[in-house]
Structures are given as C-alpha cells and as structure tokens.
Amino acid sequence: MKTIFRTMTLAAAVALAAGCGNSNSKTAEQTVAVENMTPTVAVTQVSVREVPQEETYTSTIQAYVKNNIAPQTAGRISRILVDIGDFVKKGQVVAEMDQTQLAQVELQLKNNETELNRLRGLYEVGGLSKSDLDAIELQYNVTKTQVENLLENTVLRSPINGVVTARNYDNGDLYSGAAILTVEQIKPVKLLVNVSENYYSKVKKGDKAIITLDA
C-alpha cells in the first residue's frame with residue numbers, strides 16, 4: 001500500500017512539473033509577440049482650419065426683373081409697337097390705347113385752366129372770395145391728376161430695359177385682363193435654388209457657387 005502511494009505521488013509531481021514548463025514557454029512566446037506588434041504613431045501639431053461644406057442643387061434661371069404691361073382699366077388697343085423678341089429701352093412706348101377719353105379730359109383741363117386764370121384776376125381786384133378761388137383751384141388739380149393718370153394708362157411705356165417675351169393681343173383688340181405685353185430684363189439673370197431647410201441658417205450673402213448649365 002505504501003509503495004503504491006509513493007509511486008503515484010512521484011508520478012503526479014512529474015506531471016505537475018511538466019505542466020508548469022509548458023505554461024512558462026507559452027507566456028514567453030506571447031510576450032515576444034506583443035513586443036513585435038508595437039504600432040508606429042505619427043505626431044503633428046494641432047491647427048484650426050475651415051472645412052468646406054459643399055452641396056449640389058438644381059436651379060431655375062429667371063429674368064432679373066419681369067414686368068407685365070397693361071392699362072389700369074379695360075379699353076380698345078389702338079396699336080402695339082413691338083413684338084416678341086424685340087429689345088426695348090426704359091421709357092420706350094410699346095403700345096397705345098384708344099385716346100378718346102384722354103382727349104375729353106384734356107379738353108376739360110384746358111377749360112378749367114382758363115377759368116382759373118380768369119378768377120385769379122377777379123380775386124386780385126377783390127371781385128372774388130378766397131373760398132371760391134380755392135374751389136376752382138381744387139377742381140383744376142383734380143382734373144390735372146385725371147389727365148396724368150389717363151396719359152400713363154393710354155400711352156404704355158416699358159419701365160425697364162429688356163426683351164419682349166410675350167404678346168397677348170393684336171391691334172384693335174379689347175383689353176380684358178391679361179397683360180398686353182411682358183418685358184423681362186435678362187442681363188443680369190437670377191437663379192432660383194431650392195436649398196434644403198437644414199442649411200437655411202448657414203447660407204449667407206457672399207457665398208460662392210459653381211453653376212453648370214445643361215446647354
């Protein structure tokens with residue numbers, strides 16, 4: 001019984017010694033492997049710089065200014081002096097309406113002016129009260145304003161330098177609502193860009209943009 005116990009104890013000791021030897025060997029190998037895997041790190045100085053943020057959007061080219069030319073009230077068109085594609089200058093007459101009403105009010109203005117001058121003479125010699133003179137002056141000024149308004153809406157002028165892009169009537173037609181002519185200023189032009197609402201607060205005057213046209 002004692003012999004067998006000693007033999008078994010000796011065998012266990014040998015096995016334990018062998019196990020410890022294998023563990024130490026693996027630990028040494030792992031240590032060497034870790035030392036060989038040491039990374040190379042690049043070092044640079046920290047600095048502050050702007051990072052560009054670029055976005056691409058589709059846009060629509062529009063005239064810089066667009067004017068629809070039409071009289072204030074309905075009336076007969078006497079003649080249209082320009083056509084689609086014509087270049088016009090600011091103040092140029094582009095169309096004329098029937099001038100019957102204008103002629104009537106101009107005649108009334110002339111009569112009021114004559115009467116005003118006559119009554120001023122009476123007032124200076126004491127033959128007319130100040131209130132009567134003020135009344136005829138008021139009437140004269142009202143008629144004068146009517147003439148100016150009718151003249152503006154009878155002889156139609158272009159308010160800008162541009163090109164005629166639409167003509168909706170011919171000579172002799174009755175103007176009934178739609179613009180007689182459309183004049184657009186195409187130099188320069190403007191672009192309508194639908195910017196995402198996420199960038200509303202970041203878009204500001206002076207931002208640069210690169211424009212690419214399909215044509």
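A polar contact is a pair of N or O atoms within 3.5 Å; within protein, one atom must be able to donate a hydrogen and the other to accept it, and residues adjacent in sequence count only if both atoms are side-chain atoms. The model is predicted: local features need pLDDT of at least 70, side-chain atom pairs count only at pLDDT 80 or more, and totals for chains, interfaces and linings use all residues. Residues are numbered from 1 along each chain as its sequence is written, and side-chain values use heavy atoms, with hydrogens and water left out.

**Overall organisation**

The protein chain contains three helices and eight strands, where helices (H or I, at least four residues) and strands (E, at least two) are DSSP runs numbered from the N terminus. Read from the N terminus, the order of these elements is α-β-β-β-β-α-α-β-β-β-β. The chain has 215 residues, of which 20% count as buried; buried means under 20% relative accessible area, exposed over 50% and partly exposed in between, with a 1.4 Å probe and protein chains only. Contact means heavy atoms within 4.5 Å. Among contacts between residues at least 6 apart in sequence, 74% join residues at least 24 apart.

**The α2 and α3 pair**

Two packed helices are described by the angle between their axes and the distance between the axes. Helix α2 spans residues 100–124 and helix α3 residues 130–154; their axes come within 9 Å and cross at roughly 155°. Such axes are lines fitted to C-alpha atoms, for helices over the stretch in contact, and angles run from 0 to 180 degrees between N-to-C directions. Angles under 35 degrees count as roughly parallel, over 145 as roughly antiparallel, 65 to 115 as roughly perpendicular and the rest as oblique. Helices α2 and α3 are therefore roughly antiparallel to each other. Their crossing is left-handed, a term used if the near helix is turned anticlockwise from the far one by less than a right angle. The contact of α2 with α3 has 12 nonpolar, seven polar and seven charged residues. In this classification, Ala, Val, Leu, Ile, Met, Phe, Trp, Tyr, Cys and Pro are nonpolar, Asp, Glu, Lys and Arg are charged, and the others, Gly among them, are polar.

**Selected residues**

| Residue | Relative accessibility | Class |
|---|---|---|
| T143 | 3% | buried |
| L116 | 4% | buried |
| N153 | 16% | buried |
| S196 | 26% | partly exposed |

L116 belongs to helix α2. Leaving out residues up to four places away in sequence, L116 touches L133, I136, E137 and Y140.

T143 is located in helix α3. Its side chain makes a polar contact of 2.8 Å with the side chain of N112. Beyond neighbours within four places in sequence, T143 is in contact with V105, Q108, L109 and N112.

N153 is also a residue of helix α3. The side chain of N153 reaches the backbone oxygen of N149 at 2.8 Å. Apart from residues up to four places away in sequence, N153 touches P71, Q72 and M97.

S196 is placed in the segment after β8. Its C-alpha atom is separated by 9.5 Å from that of E55, although S196 and E55 are 141 residues apart along the chain.

Strand β8 itself covers residues 181–193 and includes P188. The peptide bond from K187 to P188 is cis, with omega near 5°.
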